[in-house]
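Hi,

Here is the structure I promised to pass on. Have a look at it first, and my notes follow below.

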Amino acid sequence: RHVYSNFGYAILGRVIERVSGMRYEDFVRARVLQPVGAARTRSGRTRLRDAMAEEVRYYVAGMGLHAPMVPSVFPGEGAVPRNYGGYHMEAMDASGAWVASTVDLLRFVNGVDGRASPPDILGAGTVAEMTGSGVPACSNGTCRYAAGWLVRPVESGATWWHGGDLPGTKAILVRSHHANVSWVALFNAGAPGALVTELEAALWSALGGMTSFPADDLFPTFR
């Protein structure tokens, strides 16, 4: 059965450290992110004062930057905004505590998506192992949770996706079976799941209306 576990991914990070002899963040940046060109992606930090120079601010929907106030995860700090101290970002590392842009996330998925262009950093056998099996995860039985991806097989291939949210964030990444397309959406405020449902519906509709795509590679224009 499918039981998603953030703690399980944190343990996986420790396994990576034991096997590689490197810190988890250093290993991922050296072996995954830099090879695909996602060099700006970093592990996130809990406190606002430790944010990256160009990092967005995170908001609790309808309540702004500094509300609601909750006890800090750090002893002796008293009450802090839930989105800046209500959860321990550093401790979450391998369960999703990364700061990235939409462009870097697209660079990442392009490097592991099983397509010939651009070349993957994973072998075909590894990609197949990563997505080829898993237990049912959708209520209607159309998808499974594979090794880190929700996968929906279709006649022409498969769609992979994963989403996530924390207080102040909402994210969705999709590798579509259709027309060799992948897309990412990031929000710096929390939102109900209906937001992603509506966004997906709009993007799938737009994709269905496309008859051709530009041939230009725009990745070099972004850092």
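Let's start in helix α1 (residues 6-20), where E17 and R14 sit three residues apart and so are separated by about one helical turn. (Helices are DSSP runs of H or I with at least four residues, strands are runs of E with at least two, and both are numbered from the N terminus.) Before going on, a word on the source: this is a predicted model, so local features need pLDDT of at least 70 and side-chain atom pairs count only at pLDDT 80 or more, while totals for chains, interfaces and linings use all residues. Residues are numbered from 1 along each chain as its sequence is written, and side-chain values use heavy atoms, with hydrogens and water left out.

**Salt bridges**

E17 and R14 form a salt bridge, with their closest N and O atoms 3.0 Å apart. By that term I mean a side-chain nitrogen of Lys or Arg within 4 Å of a carboxyl oxygen of Asp or Glu. E17 is partly exposed at 27% relative accessibility, and R14 is partly exposed too, at 32%. (The cut-offs are under 20% relative accessible area for buried, over 50% for exposed and in between for partly exposed, using a 1.4 Å probe and protein chains only.)

R14 also meets D93 in a salt bridge, at 2.6 Å from N to O. D93 lies in the loop between β3 (79-81) and β4 (98-99), so its pairing with R14 in helix α1 ties together parts that are 79 residues apart in sequence. D93 is buried, at 14%. Put together, R14, E17 and D93 are linked in a network of salt bridges.

Elsewhere, E54 pairs with R40, the closest N and O atoms being 2.9 Å apart. E54 is in the loop between β1 (42-43) and β2 (69-71), and R40 is in the loop between α2 (24-36) and β1, so this pair ties together parts 14 residues apart in sequence. E54 is exposed at 56%, whereas R40 is partly exposed at 33%. The whole structure has eight salt bridges.

**A pocket**

The second largest pocket has a volume of about 950 Å³. (A pocket is an open set of points on a 1 Å grid over the protein atoms alone, where a 1.4 Å probe fits, with protein on both sides within 12 Å along at least five of seven lines; lining residues have an atom within 4 Å of a point. The volume is the space filled by probe spheres set on the points, which are joined across faces, edges and corners.)

Its lining has 25 residues, and N110, N180, S182, F213 and F219 lie nearest the centre.

Cheers
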